[in-house]
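Here is a short briefing on one structure. Keep the sequence and the 3D view open as you read.

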Amino acid sequence: MPGKFMIRAQVDPEVLDWGQLRWLSNPPATGAKDLTVIDVTLQPGKGHNFHKHPDQEEVILVVAGQVEQWLDQEQRLLGPGDPVFIPAGVVHASFNAGTSEAKLAAILGPCVGDIGYVSVEMGAEAPWNTLR
């Protein structure tokens, strides 16, 4: 097949303690080889703590809400339509700075591993454990 439509409402969410993920495109869902696309919801006051993707670049686009976005040790408040580009291996984090759900689109490439995504958690290590 030359592609695949993915209807968000038909994609089961992966529920986490800080929000949820919907895998809109990755090797298991679409057969993608170069792009992993994730629909991300962050609950108020929560977020994906400091982590990195050793072999993947990432663009995070804020779709709704206010997001405290970290890129290495620099922090910015992003709103709808604001993106951040994250080179491979750079530590970053995204936290919901608002009182309602924040929505993000995360696009990573190339696909790495069985699900097209590899994340190394860094939040317990210095200096990341002292930044918030």
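Leaving aside neighbours within four places in sequence, Gly-47 is in contact (heavy atoms within 4.5 Å) with Trp-18, Leu-42, Ser-94 and Phe-95. The model is predicted: local features need pLDDT of at least 70, side-chain atom pairs count only at pLDDT 80 or more, and totals for chains, interfaces and linings use all residues. Residues are numbered from 1 along each chain as its sequence is written, and side-chain values use heavy atoms, with hydrogens and water left out.

**Gly-47**
- Gly-47 lies in strand E4, residues 47-52. Strands (E, at least two residues) are DSSP runs, numbered from the N terminus.
- Gly-47 counts as buried because its relative accessibility is 13%. Buried means under 20% relative accessible area, using a 1.4 Å probe and protein chains only.
- Ser-94 is 47 residues from Gly-47 in sequence, yet their C-alpha atoms are 5.5 Å apart in space.

**The sheet**
- Five strands form an open sheet in the order E7-E6-E9-E4-E11, with antiparallel pairing.
- Its edge strands are E7 (74-78) and E11 (120-121), and each pairs on one side only.
- E4 pairs with E9 (residues 92-96) in the antiparallel sense, over three bridges. Two strands pair if DSSP finds at least two bridges between them.
- His-92 in E9 is the bridge partner of His-51.

**Ser-25**
- Ser-25 sits in strand E2, residues 19-25.
- Ser-25 is buried, since its relative accessible area is 16%.
- Not counting residues up to four places away in sequence, Ser-25 touches Thr-30, Ala-32, Leu-35, Thr-36 and Val-37.

How values were computed. Helix = DSSP H or I, 4+ residues; strand = E, 2+ residues; numbered from the N terminus. Buried < 20%, exposed > 50% of the residue type's maximum accessible area, 1.4 Å probe, protein only.
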